[in-house]
Amino acid sequence: MKKHLFIIICLLLSVFCVNAADKKFIKVTTDGVELVFQVGQNGRLYQSYLGKKLSYDTDLNYLPMGTEAYLTHGMEDYFEPAIHIVHNDFNSSLLLKYISHSAHQLATGVDETVITLQDEKYPVTVKLHFIAYAKENLIKTFTEITHQEKKAVKLQKYASSMLHLNHSKYFLTEFAGDWAHEANMTEQPLSFGKKVIDTKLGSRADMFVSPFFLVALDKESEENNGEVLVGSLGWTGNFQFTFEVDQNNGLRIISGINPYASEYTLNPNEVFRTPEFYFTYSCSGKGQASRNFHDWARKYQVKDGDKTRMTLLNNWEATYFNFDEEKLVALMDDAVKLGVDLFLLDDGWFGNKYPRQSDRQGLGDWDETKDKLPHGVGYLTEAAKKKGIKFGIWIEPEMVNPKSELYEKHPDWVIHLPNRDEYYFRNQLVLDLSNPKVQDYVFGIVDNLMTKYPEIAFFKWDCNSPITNIYSYYLKEKQTHLYIEHVRGLYNILERVKAKYPNLPMMLCSGGGGRTDFEALKYFTEFWPSDNTDPIERLFIQWGFSQVFPSKTMCAHVTTWNKNTSIKFRTEVAMMCKLGFDIKLSDMNEREATYCHEAVQNYNRLKPVILDGDLFRLVSPYEGNHTSSMYVSKDQKKAVLFAFDIHPRYAEKLYPVRLNGLDPNKMYRVNEINKVQTMPMRPGMNNPLDNKVYSGDYLMTVGLNLFSTRQLNSRVIEIVAE
Ligand code: GLA
């Protein structure tokens with residue numbers, strides 16, 4: 001029986017596998033995008049095309065050969081290679097020739113193409129994988145490297161992807177910043193030479209720059225026009241993007257793990273699988289590119305991407321480390337009054353020998369501080385249950401304060417140099433996740449809490465320190481594997497958590513947005529984009545992250561940051577993403593508390609549109625004093641529009657804002673919601689946003705007057721097809 005099955009599988013494979021002689025072109029195609037490779041007379045693989053899908057296969061013959069697809073070190077191309085291997089004889093050249101390719105369907109609308117390349121002189125095999133998501137116009141790619149040399153080879157470079165573009169001009173947008181200042185968008189032209197965006201932080205790797213980029217072709221990027229390529233690497237560690245313009249003005253984009261201090265010893269027959277690189281190509285601007293990413297992320301990548309999200313009240317900014325049972329239970333009452341789904345207990349609940357009174361001690365000792373929580377977490381889950389809300393808890397399981405029992409017991413579990421003073425970031429060190437015992441311990445933190453308190457319904461998983469003092473006691477002579485094995489160790493832990501607790505939603509946090517990649521989001525339902533909750537700053541930060549992340553993955557909380565802004569303004573900024581609160585009701589007056597309660601109710605009603613609809617960014621905060629975005633449901637029957645006046649000039653001229661994404665032939669009722677009556681309406685005054693019916697055509701051609709010259713003013717408008 002087994003033998004027959006084997007023969008059938010072999011026959012099937014032989015149908016799908018094609019040899020070089022049979023086929024000259026290899027196409028990776030979605031509904032709108034095409035990536036075409038060609039095998040040259042010399043047997044090497046070239047990338048001939050990347051762009052809008054071509055309509056006629058007969059035209060493929062006219063395509064230029066292009067540039068060698070996955071460039072190797074040591075041959076005749078003098079630009080940055082994708083791969084660099086040192087063989088057993090110390091020769092470091094590699095010449096990859098096409099062997100075969102195969103294509104198969106992974107699911108409806110998802111096809112994988114694998115191109116196998118080999119060196120004729122050295123037994124090295126490189127497999128390029130491309131997974132095309134037809135409807136979402138997104139391509140996921142990764143590389144597998146193996147060899148059968150007698151001894152291990154040294155991998156110096158091992159890119160996930162190399163892409164080639166050939167346009168007159170290139171404009172790169174990067175997303176850089178710092179703590180509380182994440183994902184700032186800056187666009188710059190690329191000319192001859194290299195621009196490298198990378199991180200060497202190891203853990204909390206994206207603190208200064210996020211692992212995604214946008215390249216506009218021929219002209220600067222626009223929201224609704226022009227060709228753009230948007231790419232992102234799924235790796236929760238050191239990444240590197242290299243953009244190199246060559247002497248012919250060709251652009252080569254190499255994406256992968258940052259090979260910095262990470263020479264990898266690859267044993268014979270071991271498969272080195274790179275992280276995944278995801279990209280989309282849009283011919284109608286960055287707005288469409290974002291929607292491609294959002295659709296793909298919700299459907300295929302993010303944990304519970306198809307499910308809704310819970311609103312919550314977090315105690316961090318309400319109490320910091322200073323709380324007890326009574327204060328927390330009182331905050332739960334606030335959560336109930338606000339009408340949110342969950343209460344989230346943040347940092348400061350653990351440690352007894354070194355109670356966690358500040359960030360200087362206790363990290364690593366995950367039992368409840370007796371004098372703060374004498375009745376344990378169970379008392380809190382019970383209290384929440386009685387009040388009809390869920391309970392969530394903060395952990396930072398990958399880190400340790402030197403002042404902790406964990407450090408005292410297991411100094412060899414900590415990444416630090418054996419022969420030098422320790423240097424700290426936020427008074428803490430990073431645990432060595434390459435060590436399987438440490439992986440067990442970290443998994444155990446979640447597992448023990450869940451076993452003891454099965455009512456825990458949510459985790460906020462933090463990670464506040466980059467790796468300092470890099471040295472692993474576990475890896476011994478393989479120190480250059482640490483950056484990679486550390487991340488692999490993290491994934492092992494997260495796999496175990498997901499396998500045992502598949503329905504447990506978790507927020508990914510890293511001192512704000514220090515971890516913002518799609519591989520991590522396989523395990524997390526959402527992430528914390530920034531500790532900066534000043535709503536004005538958030539308008540920019542959310543705008544930046546929205547380029548690739550869907551709104552349901554971005555947590556946004558109403559806090560007391562920037563009291564110059566009203567509660568309404570703060571709430572409406574947060575309503576554009578996954579709404580939460582990090583504030584006490586006593587920080588508000590009665591009217592504000594009532595407003596918040598109503599806003600939560602409106603949010604619950606509008607969640608399907610905000611979290612699962614298409615995002616149309618209408619007016620960028622980078623362009624001036626106002627900003628506006630809207631979400632449109634997939635059936636175009638409902639939309640929610642957000643508009644903000646930030647710091648308008650006195651007597652500034654205001655123009656209507658054209659809406660987007662609606663059906664021009666539908667009639668829509670437009671109604672401003674979340675209103676706070678500050679001034680009595682003058683009799684006969686006619687608000688054009690109050691219960692009026694417009695055609696989609698009018699809304700998208702003429703637009704609505706959404707903006708005012710009022711400082712820090714905000715509006716939410718509900719749009720419903722008649
Ligand atoms: C980080 C997080 C915050 C909060 C604190 C607690 O800074 O980003 O949201 O959880 O840690 O120490």
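A residue is called buried when its relative accessible area is under 20%. R204, at 4%, is therefore buried in this predicted model. R204 has a positive phi of about 45 degrees, although it is not a glycine. Most residues other than glycine have a negative phi. A second case of this kind is A180, which is not a glycine either and has a positive phi of about 65 degrees. A180 sits in the loop between β13 (170–178) and β14 (181–189). With a relative accessible area of 11%, A180 is also under the 20% limit and so counts as buried.

A positive phi also turns up in a hairpin. Strands β7 (residues 96–107) and β8 (residues 110–119) run antiparallel and are joined by ten bridges. One of the bridged pairs is made by Q105 and D111, the latter in β8. Two residues stand between the strands of this hairpin, and G109 takes a positive phi near 80 degrees there.

Three bridges link strand β11 (residues 153–158) to β20 in the antiparallel sense, and L155 stands opposite Y264 of β20.

A second open sheet has six strands, arranged in the order β33-β34-β35-β38-β36-β37, again with antiparallel pairing. Its edge strands, β33 (614–619) and β37 (692–695), each pair on one side only. From one strand to the next, the twist averages 25 degrees. Within this sheet, seven bridges hold β34 (residues 626–632) and β35 (residues 638–645) in an antiparallel pair. V632 has A639 as its bridge partner in β35.

What packs on this sheet? Helix α10 does so, touching β35, β36 (667–673) and β38 (713–721). The direction of α10 makes about 45 degrees with that of β38. Helix α10 spans residues 567–575 and is mostly covered, with nine of its nine residues buried. Among these buried residues are I567, F569, V573 and M575, and the list also includes K568, R570 and E572. In an α-helix there are 3.6 residues a turn, so residues three or four places apart point the same way.

Strand β38 also holds E718. Is E718 buried or exposed? Its relative accessible area is 13%, which is under 20%, so E718 is buried. The side chain of E718 makes a polar contact with the side chain of R605, at 2.6 Å. Leaving aside residues up to four places away in sequence, E718 touches R605, L606, A639, R669, V670, N671 and I673. A639 in this list is also the bridge partner of V632. In a regular strand, the side chains alternate between the two faces of the sheet.

Elsewhere in the chain, G444 has its place in helix α7 (residues 436–452). G444 counts as buried because its relative accessibility is 13%, under the 20% limit. Between G444 and F642 there are 43 Å in space, C-alpha to C-alpha, and the two are 198 residues apart in sequence.

A polar side-chain atom of K460 lies 2.8 Å from an oxygen atom of the ligand. For N464, an N or O atom in the side chain is 3.4 Å from a ligand oxygen atom. G512 takes part through its backbone, where an N or O atom lies 3.0 Å from an oxygen atom of the ligand. Taken alone, the ligand exposes 300 Å², and the protein buries 96% of that.

Definitions and conventions:
Residues numbered from 1 in each chain as written. Predicted model: local features only at pLDDT ≥ 70, side-chain atom pairs only at ≥ 80, totals over all residues. Heavy atoms only, no water. Buried < 20%, exposed > 50% of the residue type's maximum accessible area, 1.4 Å probe, protein only. Helix = DSSP H or I, 4+ residues; strand = E, 2+ residues; numbered from the N terminus. Pairing = 2+ DSSP bridges. Axes fitted to C-alpha atoms, helices over the stretch in contact; angles between N-to-C directions. Contact = heavy atoms within 4.5 Å. Polar contact = N/O pair within 3.5 Å; in protein donor to acceptor, adjacent residues only side chain to side chain. Areas by Shrake-Rupley, 256 points an atom, 1.4 Å probe, with all protein chains shown as cover.
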